[in-house]
Amino acid sequence: MSPAQWDLPPELCCRPMAFVALTGLDVVYNAIHRAIWDAFCTNRRADRVPISFKVLPGDHEYPKCRTKRTSYEWYIPKGILKTGWMNKHLNLVPALVVLFYELDWDDPQWKEKQSECATKVEIVRTSLQGRNTKVAVVLIQKKTPLPPGEDLVASERASALCGACDLSGKSLFVLPHTDHLVGYIIRLENAFYEHAQTYYYNEIRRVKSHKEFLNKTTHQLLFVRHQFKMGFFSELKQDTQNALKYYRTAYSLVHELRAHETNMLEIKTMAGFINYKICRLCFQHNTPLDAIAQFRKHIDLCKKKIGSAELAFEHTAWMSKQFQSFGDLFDEAIKLGLTAIQTQNPGFYYQQAAYYAQERKQQAGQLCSHEPGVGYPAPDPLETPTGALDFYGQRPWRQGHQSIDPPDSEKEKQGILALQVKERDVLHSELIIALLSNAVAQFKKYKCPRMKSHLMVQMGEEYYHAKDYTKALKLLDYVMCDYRTERWWSLLTSILSTALKCSYLMGQVKDYITYSMELVGRASILPEEQKSRIEKNLIKVLMNEVPEPEPDCDPASVKMAQSLWSDRISLAGNNEFTIEVQDYVPFVQCKAKFLYPSFHIDEPVQLHVYVRADCPHPVRFSKLCVSLSNQEYNQYCLLEDASKEQDILEPSTQENMCLVPGKTRKYCFKFVAKTEDVGKKIEITSVGLMLGRETARYVYLNWRGGWGDAASSHETLQASRSFKRRTRLPEQQLDWDTVTIQSSTMIISRVPKISVQLTHEPPALTNEMYCMIVTIQSEEDTVAKDIKLTAGLKPGQDANLTQSTQITLNGSEVCDDSHPALLPDIPLGDLQPGQKIVKPLYIHCVSTGSRILLFHVAYSVSATVEGKDITCKCHKDETVTLETVVPFEVAMKFVSSKFEHLERVFVDIPFLLMMDILSASPWPIELVNSEVQLASSMTAIDQPQSQVEGVTLQTSECASECFLLKCPPVQNGTSTVASGHYFISWKR
Amino acid sequence: MAVCIAVIAKENYPLYIRSVPTQGELKFHYTVHTSLDVVEEKISGVGKALADQRELYLGLLYPTEDYKVYGYMTNSKVKFVIVVDSSNTSLRDNEIRSMFRKLHNSFTDVMCNPFYNPGDPIQSKAFDSIVSTMMVQAF
């Protein structure tokens with residue numbers, strides 16, 4: 001028996017179709033016959049009637065019909081269903097035999113041909129002796145027939161032929177091979193289909209009629225057999241509703257059978273068949289819930305029917321197959337349009353099938369582990385005379401036996417032994433993996449990522465058992481990260497343990513190290529002694545030694561692994577590994593931080609690295625290095641083991657590079673930043689920790705960004721939420737959770753030791769050359785070199801201010817537009833300690849309002865940091881907000897010589913020009929001079945002399961002066977004339 | 001009576017899992033973990049259709065051959081999972097609901113403890129004893 005013995009027979013799984021045999025066709029040599037046959041068998045789409053056609057020779061021998069039983073009185077059935085029965089009715093016994101015969105109505109040799117045809121019909125009939133199979137005749141004609149009733153010769157000869165062949169008129173057909181062959185064929189096959197249905201209808205009635213002869217004591221098996229046959233015939237008749245009814249009855253009858261150890265397999269086999277039929281029909285009728293309910297019932301009824309305990313694996317194999325077949329049916333129905341849901345999809349059935357396959361494997365392991373001396377029994381008890389069984393589900397060494405006890409206990413023993421020996425050779429893992437992978441595909445489809453992962457773990461474990469470690473590791477490694485990110489440590493630990501075994505057995509050094517590191521660490525729930533064992537192995541591997549084998553490994557594989565590992569030792573190179581920590585939870589944790597978010601250039605940058613181990617034993621590392629965004633500093637952040645002896649097995653706890661479990665160690669680094677890095681950010685790009693030795697084998701743990709593995713972010717969050725008061729730790733010890741992260745720092749310039757003072761008298765007056773005195777005093781200890789002053793309008797203000805502000809060093813003349821708003825880098829030379837520079841600046845504001853002025857003093861100074869001389873650039877900024885106001889207002893009017901207000905002036909009549917100057921300045925204003933420059937249309941009568949010269953106006957005081965003028969005659973009467981310009985020179 | 005009771009954090013990691021010691025502990029962990037697929041699917045559906053309903057009981061998550069897995073989710077998205085033996089047919093839906101309610105009450109007490117940091121594994125004697133009353137007693 002092959003492993004496929006549990007597969008359902010194909011004749012059970014197919015869709016039964018009416019079987020019609022075609023005879024008299026020579027499809028090899030006759031082109032017309034070939035065309036007819038092709039028309040029958042090609043293009044059988046769903047819209048054509050379900051018939052399976054077969055071409056048979058005219059003298060074909062059909063299976064013999066046994067003589068009909070007249071009484072069941074002395075008949076004792078030997079089994080439920082014969083193994084050949086379904087195939088017989090699908091492929092051997094036709095419902096209808098059609099005889100094709102070439103004969104035209106006007107054939108000259110009509111008489112001879114008629115009798116030849118009759119003979120052929122007779123031959124077929126004889127062969128079908130005792131069967132109810134119908135016979136039909138199709139005349140292949142060259143001529144197109146006339147409409148019915150018009151051809152008198154035809155109807156006469158037709159009835160003659162019917163008489164000669166003993167046919168009813170309904171069984172004689174004419175097939176003209178003209179243009180419309182396919183059309184004729186379709187009409188023919190529809191007629192055949194009707195005949196076939198009648199045949200199957202009669203068969204059902206025939207089987208049903210047996211019932212009255214049966215009695216319930218001796219004929220129990222027949223009740224099941226007959227119901228099954230009626231169901232099957234109904235299916236052939238395409239009456240699936242009744243088929244379902246018959247099968248359901250058969251199903252309940254099969255469970256009423258007296259079950260004992262000897263016939264348990266037969267009962268289960270038939271129950272499985274009938275269940276399969278019922279479920280299939282339910283899916284076909286689009287009632288999937290009925291199918292599921294039937295299947296559940298089936299499983300519940302059969303679960304406990306284990307049968308012989310020595311062959312318990314047979315039961316689990318059968319159970320597995322039940323689930324698998326149902327899964328297949330379910331999946332097929334989905335492909336035809338059924339919608340499944342997350343909690344009810346074929347995956348569950350494949351999963352359960354896999355579960356039973358695993359059980360089977362386990363039972364086989366227990367039941368089939370015979371002594372090595374026990375061989376396959378001879379003669380083969382599984383051999384039968386025909387090479388096959390007569391009845392489904394029976395034992396080959398006692399076919400047809402239906403009583404409770406086996407007829408021959410010795411034979412029984414041999415038979416069981418034979419089955420056990422066979423079972424030993426079954427590749428269980430392959431079966432299990434195939435089922436699991438089916439299930440994985442389903443669960444992937446129905447959004448069950450966790451179920452999928454779980455099944456993949458099982459697959460991986462099965463591959464491990466099957467010694468395919470590469471595939472096992474691939475699967476396990478793939479799903480591991482899902483469990484890690486979801487923080488299911490118990491499951492992760494279990495997967496890692498299997499993965500570690502695989503990597504050990506394959507001698508995969510890097511994987512071995514990676515898994516060990518995680519199994520030893522805090523994400524692992526392994527007991528302490530296991531962790532301790534793994535850590536010791538890990539240290540061995542790092543010393544390039546052969547690790548101890550993992551427990552419970554296959555001894556043969558361990559032997560292989562040991563030689564693999566010893567090969568690894570001699571292998572030079574390939575002994576350095578880098579593990580990116582963020583993908584794992586290794587047993588060493590690291591946090592690196594800058595002490596402050598910024599450092600001045602004249603102080604050393606300080607960096608602390610905290611390292612902690614969670615393994616059971618202290619561990620030594622040989623290198624700790626920090627990589628920074630500017631790699632030039634890396635050399636200062638490096639801790640290397642000076643001693644080169646190989647003594648990592650005996651770490652002394654006092655040592656600097658030894659990590660004691662549970663204690664946090666702090667490593668401090670400092671370096672002097674480069675002056676070109678002022679204003680730049682320095683980041684920790686990674687921290688590397690080297691375990692092992694360069695001389696042997698070593699692994700770099702690499703923390704990107706200087707901290708954190710796959711579990712850290714959650715832990716940090718939990719720690720930050722915690723209300724727990726930190727327990728005071730003794731001196732020198734740190735609480736890991738309180739260490740915060742500062743992974744970057746800014747380098748900022750040195751604090752200037754210089755004072756910048758501004759002396760001025762606000763507010764400024766419009767158009768005034770406003771004086772501002774800048775006093776720079778050095779408080780440096782050394783000489784401040786290269787002092788440069790940048791002064792003026794602070795950039796970034798209103799654009800109009802830039803137009804209306806000018807600054808200059810020269811106060812003796814008024815600025816114009818050519819002067820800038822900001823004077824950059826005015827060199828002021830060097831400044832000795834304590835010395836000061838006074839620098840006046842003049843600002844010319846054309847418009848009123850407030851503006852911000854900036855005074856930026858830059859210089860460089862030498863400094864010594866950590867014994868290093870550097871030149872620091874320092875700068876100090878002072879800003880001041882300056883208000884600008886109007887100094888005075890000027891009003892003018894024309895009055896007569898009597899000081900009367902004038903709307904207009906008259907030619908040649910003198911008048912007075914009055915000027916009023918009203919001071920708005922908070923400061924006294926001295927009017928230096930005033931002057932009128934008259935236009936040509938006006939002349940002064942006396943010398944226009946300033947009357948306000950030298951007058952000082954206090955706030956809101958007013959000064960007035962007047963000029964006597966007249967207008968010379970103008971050409972054309974009245975007109976508007978210009979009077980001239982009025983200039984005032986003033987200062988505060 | 002339950003064979004396994006679990007409390008799962010909002011982020012789907014276990015806060016508490018207890019199962020009967022007679023059968024493989026790991027198997028129950030897998031059962032609870034895989035049941036989260038159904039929980040996620042259920043709550044994503046509830047969010048759409050039954051947003052206003054305050055039903056915390058998620059019902060039968062999925063039946064396996066040997067066990068029935070029931071789910072419950074608090075308003076803070078902490079999940080409770082109860083696994084019962086499939087052979088235990090006497091257990092009604094109502095009883096499962098009341099088990100969940102009891103569990104929820106006890107969980108609330110745990111949360112009210114000022115010394116408990118939400119998100120940490122539950123280590124409470126009171127909670128333990130409540131769970132014990134709902135578990136199948138080991139023989």
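I started with strand 20 (residues 769–778) of chain A and found it mostly covered, with seven of its 10 residues buried. Buried here means under 20% relative accessible area, exposed means over 50%, and partly exposed lies in between (1.4 Å probe, protein chains only). Strands (E, at least two residues) and helices (H or I, at least four) are DSSP runs, numbered from the N terminus.

The model is predicted: local features need pLDDT of at least 70, side-chain atom pairs count only at pLDDT 80 or more, and totals for chains, interfaces and linings use all residues. Residues are numbered from 1 along each chain as its sequence is written, chains are lettered from A and ligands numbered from 1 in the order written, and side-chain values use heavy atoms, without hydrogens and water.

Next I looked up the partners of strand 20. Two strands pair if DSSP finds at least two bridges between them. Strand 18 (residues 754–759) of chain A runs antiparallel to strand 20 of chain A, joined by six bridges. There, A:L758 has A:V774 as its bridge partner. Strand 24 (residues 836–845) of chain A also pairs antiparallel with strand 20 of chain A, over nine bridges. I noted A:I776 opposite A:I837.

Then I checked an open sheet of chain A: four strands, order 27-28-32-30, antiparallel pairing. Strand 27 (888–895) and strand 30 (939–940) are its edges, each pairing on one side only. Eight bridges join strand 27 to strand 28 (residues 911–919). A:V890 is bridged to A:I917.

Last, I took helix 21 (residues 712–721) of chain A. Its buried residues are A:S712, A:H714, A:Q718 and A:A719. The face turned away carries exposed A:S713 and A:S720.
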